[in-house]
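Please look at the sequence and the coordinates first.

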Amino acid sequence: MPDRLNDAILRHLRHNGRLSNAELAERIGLSPSACLRRVKTLEKEGVIRGYQAIIARRNAPSVATVIVQITLERQTEECLRRFESRIRECPDVKECYLMTGDADYLLRVEARDMQDYERIHKEELSRLPGVVRIQSNFAIRPIVQQEKGS
């Protein structure tokens with residue numbers, strides 16, 4: 001059942017994850033202690049999985065974005081589960097989506113350069129269970145890039 005206060009907490013934290021508890025509580029109309037209890041519960045239940053800084057690319061070290069399509073040998077529940085379990089362990093994979101269409105998964109990978117991507121391809125992606133095809137595309141530059149939660 002949806003909870004109006006939890007929804008408000010999530011909406012405000014999505015917009016600004018650095019809000020102090022006192023400011024968040026004031027914005028949603030709760031006491032600071034009640035607000036903190038709700039936030040801690042949302043974290044414990046895994047609704048809030050973490051907080052992150054979104055770095056403007058112009059200020060970050062040079063990073064290449066690679067869009068990777070992965071095709072598995074089979075789409076059985078066991079094959080999907082094994083792949084998904086292992087892909088979560090790949091630190092260079094920033095996003096992974098189960099897809100419809102020709103490829104089974106679409107990944108967003110970040111690499112320092114072509115040599116770094118070659119390492120990622122050899123040491124991480126090609127060793128994933130059940131992979132029969134990897135198609136990689138390097139992004140030239142972002143055109144539309146919204147912050148998470150926008």
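In which helix is E23 found? E23 sits in helix α2. The model is a predicted one.

**Residue E23**
- E23 has a relative accessibility of 34% and therefore counts as partly exposed, since that class lies between the limits of 20% and 50%.
- Twelve residues separate E23 from C35 in sequence, and their C-alpha atoms are 10.0 Å apart in space.

**Helices α2 and α3**
- Helix α2 covers residues 21–28 and helix α3 covers residues 32–44; their axes come within 9 Å and cross at roughly 100 degrees.
- On the α2 side the contact is made by N21, L24, A25 and I28, and on the α3 side by P32, C35, L36 and V39.
- By residue type, this contact of α2 with α3 has seven nonpolar residues, one polar residue and no charged residue.

**The sheet**
- Four strands form an open sheet in the order β2-β3-β1-β4, and the pairing is antiparallel.
- The edge strands, each pairing on one side only, are β2 (93–98) and β4 (131–138).
- From one strand to the next, the twist averages 20 degrees.
- Seven bridges link β1 and β3, which pair in the antiparallel sense.
- T65 has E110 of β3 standing opposite.
- Helix α4 lies across β1, β2, β3 and β4, and runs at about 165 degrees to β2.

**Nonpolar cores**
- The largest nonpolar core has 17 residues, of which V68, I87, L107, V109, Y117 and L125 touch the most other members.
- Two or more residues of this core come from each of β1 (64–72), α4 (77–87), β3 (105–111) and α5 (114–123).
- With neighbours within four places in sequence left aside, L125 is in contact with V68, I87, V93, L107, Y117, I120, V131 and I134.
- Another core, of twelve residues, lies apart from the largest one; A8, L24, I28 and V39 are among its members.

Terms used: Residues numbered from 1 in each chain as written. Predicted model: local features only at pLDDT ≥ 70, side-chain atom pairs only at ≥ 80, totals over all residues. Heavy atoms only, no water. Axes fitted to C-alpha atoms, helices over the stretch in contact; angles between N-to-C directions. Contact = heavy atoms within 4.5 Å. Nonpolar A, V, L, I, M, F, W, Y, C, P; charged D, E, K, R; others polar. Core = buried A, V, L, I, M, F, W, Y, C linked by side-chain atoms within 4.5 Å. Buried < 20%, exposed > 50% of the residue type's maximum accessible area, 1.4 Å probe, protein only. Pairing = 2+ DSSP bridges.
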